[in-house]
Amino acid sequence: MARVSIGLCLLCMLAARSEARNVAVLNTCSSDPSDYNCVAYEVVAQMQQENSQNSFTAGNTTTSACTSWLAANADSTDIVVVMGSQWEDCLANAPNYQTTWFLGVDACVHSSNVFCHSSEPEADQLGRLIYVSKLILHITRALPPM
């Protein structure tokens with residue numbers, strides 16, 4: 001009986017992970033067009049080519065407007081990705097959105113729905129693009145729905 005229950009649980013997890021995800025990569029490219037801040041657009045373009053099952057968007061906002069962006073979009077977004085320590089105040093709102101996963105790259109707050117990762121500081125634009133794209137692809141496959 002235990003084997004049947006475990007088998008059913010595994011099937012449920014696999015089925016749940018196959019659902020399409022809505023992923024938003026927030027950025028401040030319009031107000032601070034540095035390579036680091038604008039890599040979100042390249043990450044989204046790369047992800048759309050590699051994974052047509054999920055929906056990837058670049059959310060252009062500012063760190064001060066992030067709370068408003070989350071209020072308008074987080075409930076309909078499965079995963080919100082931010083890059084850089086400037087987003088830590090934004091990530092502090094994550095506990096208010098328990099149906100949304102958050103990924104902080106080079107930013108971190110402690111919450112049950114936030115995962116933190118560091119990029120390689122010496123990586124060039126292409127290296128950062130590849131790293132973040134692969135990381136997002138991994139979490140879209142690995143994280144269960146909330």
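**Exercise 1. In this predicted model, find how strands β4 and β5 pair, and over how many bridges.**

Step 1. Locate β4 at residues 101–105. Locate β5 at residues 114–117.
Step 2. Check the sense of the pairing. β4 and β5 run in the parallel sense.
Step 3. Count the bridges. There are four.
Step 4. Pick out a facing pair. Phe 102 stands opposite Val 114 in β5.

**Exercise 2. Work out the order of the strands in the open sheet, and say which strands stand at the edges.**

Step 1. Line up the five strands. The order is β2-β1-β3-β4-β5, with parallel pairing.
Step 2. Look at the ends of the row. β2 and β5 each have a single partner strand, so one side of each has no neighbour in the sheet. These two are the edge strands.
Step 3. Compare strand directions. Neighbouring strands are turned by 20° against each other on average, direction ignored.

**Exercise 3. Describe helix α2: its span, where it bends, and what its buried residues pack against.**

Step 1. Take the span. α2 covers residues 35–50, which is 16 residues. From first C-alpha to last, α2 reaches 22 Å, close to the 22 Å expected at 1.5 Å a residue.
Step 2. Find the bend. α2 bends by about 25° at Tyr 41.
Step 3. List buried residues, using under 20% relative accessible area as the cut-off. Among them are Asn 37, Cys 38, Val 43 and Met 47.
Step 4. Find their partners. The buried residues of α2 pack against β1, β2, β3 and α5.

Key
Residues numbered from 1 in each chain as written. Predicted model: local features only at pLDDT ≥ 70, side-chain atom pairs only at ≥ 80, totals over all residues. Heavy atoms only, no water. Expected span 1.5 Å × (residues − 1). Bend = angle between axes of the 7 residues up to and from the residue. Buried < 20%, exposed > 50% of the residue type's maximum accessible area, 1.4 Å probe, protein only. Contact = heavy atoms within 4.5 Å. Pairing = 2+ DSSP bridges. Axes fitted to C-alpha atoms, helices over the stretch in contact; angles between N-to-C directions.
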